[in-house]
Number of protein chains: 2
Amino acid sequence: MDNRPIGIFDSGVGGLTVFKEIRELLPSENLIYFGDTARVPYGGKSVQVIQKFAAEIAHFLELQNVKMIVVACNTASAVALHKLKSESTLPIIGVIDPGVRAAIKASGNGTVGVIGTRATINSGAYQERLARLRNNVKVVARACPLLVPIVEENLLTSEIARLALKMYLEDFRSMNISSLILACTHYPLLKSMIDSYFSGQVALVDSAYETALEVKEVLTARRITAESSRSGKEQFFVSDTPESFAGIASGFLGRALAGDCIQHSWQNEF
Amino acid sequence: MDNRPIGIFDSGVGGLTVFKEIRELLPSENLIYFGDTARVPYGGKSVQVIQKFAAEIAHFLELQNVKMIVVACNTASAVALHKLKSESTLPIIGVIDPGVRAAIKASGNGTVGVIGTRATINSGAYQERLARLRNNVKVVARACPLLVPIVEENLLTSEIARLALKMYLEDFRSMNISSLILACTHYPLLKSMIDSYFSGQVALVDSAYETALEVKEVLTARRITAESSRSGKEQFFVSDTPESFAGIASGFLGRALAGDCIQHSWQNEF
């Protein structure tokens, strides 16, 4: 038994899709969410800077006495997970391995497509793990920088979204992919548009649920689950002001935040 | 005579449009440019966080012994200029006043439109200054969050750009604006598309050249221009890695960088 919280972080609000699945699967766990809203987005930034930001947040979560860290951000998982693991004694899991397993399951021996931010795709993390998990898997990957702003402008069913998806997904269609990993926490909000683009013929994989399953497995294997009789608490930290976060967050969660939302900003030293 | 450099900063690369005009108008001046590429973009962030970032950069530039600071970022000018001025003894100018003066000149007594980031438009800075400079001016302002990513994806003449401009500018057309302030350093790259949307009937104002004129005026009035016989040097600082900056920067400048590009990152203290 271990009632310490699980720390979950993302560059902004997108990781709440992972938070939500963890909450549903593990109602007794205390959860702490960190959204780096002052420095969002990570997707166009360098490996070095993303690793630095991720390390700062992991360190902050450790100071909150978490028992485990979930990197609920594809970009940070792709470029910083390995480094975070090497610098901490806590169990740390990302969203890539769970997503890759789900894609392999859904895809059989077919070609797997991956869409994500520039940093995620350029890292080659998905491509490498897919190849490691299944011999001879064919992977096609593409960065889609316009999709996050389209989601954030709430243009989910617009002609602009349709044209952007056509531009980014055309090659996937001609390559006959059998599954597509939505390797960015914003993309599931475009799921129905993507599904109709492929006429329902491609399995769309997002890793939020699979990640929650892995969290449960790790907690169970290490015997660090919380007492099952209790009801888990929630706490939120953001690096920008909490006001705008709370509104957007309830959109992602489908309900109001059940805990405090506190601003944490780092003191920059010259 | 004063050969100390002029410090110019922006959230990323966009401020190079201002840098370029200053360089052309003032070839003898040493220029230092700071692009906050690790924390870009500012446009969707809070006043508090943008003021903090701007103060950190201004402080960094002061340590480089600049004689003047130019806030070459509409968002930072809109929400942080006043605060920066109150905290420094250096002359500090932004891009808003020059843009407003140009718009009034171009617009006569007509209605002025303003497009920019969420933070710029929500600040009301353009609306307030336009009203202060001309009685009874009618101002229509709108945030256009999709335009920066469209420019960064180099979709300048695409159908996606056309649809996004239609979505954002429709109201301006029905309101018969006579001039439109492009209140974000990325927007001038969409100038020809915007011009054809309005069939050439609306004066498009970007503040880069006007800002350079104001820099020259301030230097002259304070007698702190550099010796005219010399050829000004350039130096660039970025908060993310320099590699990607150099490539994009030469696109903005129309030439390769003429000086070093150095990474400056702040040490975050917990």
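**View 1. How many bridges pair strand E9 (residues 234–238) of chain A with E10(A), and in which sense do the two strands run?** The pairing is parallel, and it takes in 3 bridges. One place to look is A:Ile262 in E10(A), the bridge partner of A:Phe237. Keep in mind that this is a predicted model.

**View 2. Here is the open sheet of chain A, built from 6 strands.** Reading across, the order is E4-E3-E1-E2-E9-E10, with parallel pairing. At the edges you'll find strand E4 (92–93) and strand E10 (261–263) of chain A, each of which pairs on one side only. Helix H1 (residues 16–25) of chain A packs on this sheet. In chain A, helix H1 touches strand E1 (6–10), strand E2 (31–35), strand E3 (68–71) and E9. The direction of H1 makes about 175° with that of E2(A).

**View 3. Now over to chain B, where 6 strands form an open sheet with parallel pairing.** The strand order is E4-E3-E1-E2-E9-E10. Strand E4 (92–93) and strand E10 (261–263) of chain B each have a single partner strand, so one side of each is left without a neighbour in the sheet.

**View 4. Let's zoom in on strand E2 (residues 31–35) and strand E9 (residues 234–238) of chain B, which run parallel and are joined by 5 bridges.** Look for B:Phe34, which stands opposite B:Phe237 in E9(B). H2(B) packs on the sheet here, touching strand E1 (6–10), E2, strand E3 (68–71) and E9 of chain B. The direction of H2(B) makes about 155° with that of E1(B). Another helix, H11 (residues 242–253) of chain B, lies across E2, E9 and E10 of that chain and runs at about 145° to E10(B).

**View 5. This is where the two chains meet: 38 residues of chain B are in contact with 38 residues of chain A.** About 3100 Å² is buried between the chains, and carbon and sulfur atoms give 62% of that area. There are 2 salt bridges across the interface. In one of them A:Glu153 is paired with B:Arg118, with the closest N and O atoms 3.0 Å apart. The count of residue pairs in polar contact between the chains is 12.

**View 6. Finally, here is the side of chain B that touches chain A.** Helix H2 (47–63), helix H7 (147–152), helix H8 (159–174) and strand E11 (267–269) of chain B each supply at least two residues to this side. H2(B) gives the most, with 7 residues. By type, the residues on this side of chain B split into 18 nonpolar, 10 polar and 10 charged.

Key: Residues are numbered from 1 along each chain as its sequence is written. Chains are lettered from A and ligands numbered from 1 in the order in which they are written. This is a predicted model: local features need pLDDT of at least 70, side-chain atom pairs count only at pLDDT 80 or more; totals for chains, interfaces and linings use all residues. Side-chain values use heavy atoms; hydrogens and water are left out. Contact means heavy atoms within 4.5 Å. Buried area is the accessible area (1.4 Å probe) that two parts lose on being put together, summed over both. A salt bridge is a side-chain nitrogen of Lys or Arg within 4 Å of a carboxyl oxygen of Asp or Glu. A polar contact is a pair of N or O atoms within 3.5 Å; within protein, one must be able to donate a hydrogen and the other to accept it, and residues adjacent in sequence count only if both atoms are side-chain atoms. Helices (H or I, at least four residues) and strands (E, at least two) are DSSP runs, numbered from the N terminus. Ala, Val, Leu, Ile, Met, Phe, Trp, Tyr, Cys and Pro count as nonpolar, Asp, Glu, Lys and Arg as charged, and the others, Gly among them, as polar. Two strands pair if DSSP finds at least two bridges between them. Axes are lines fitted to C-alpha atoms, for helices over the stretch in contact, and angles run from 0 to 180 degrees between N-to-C directions.
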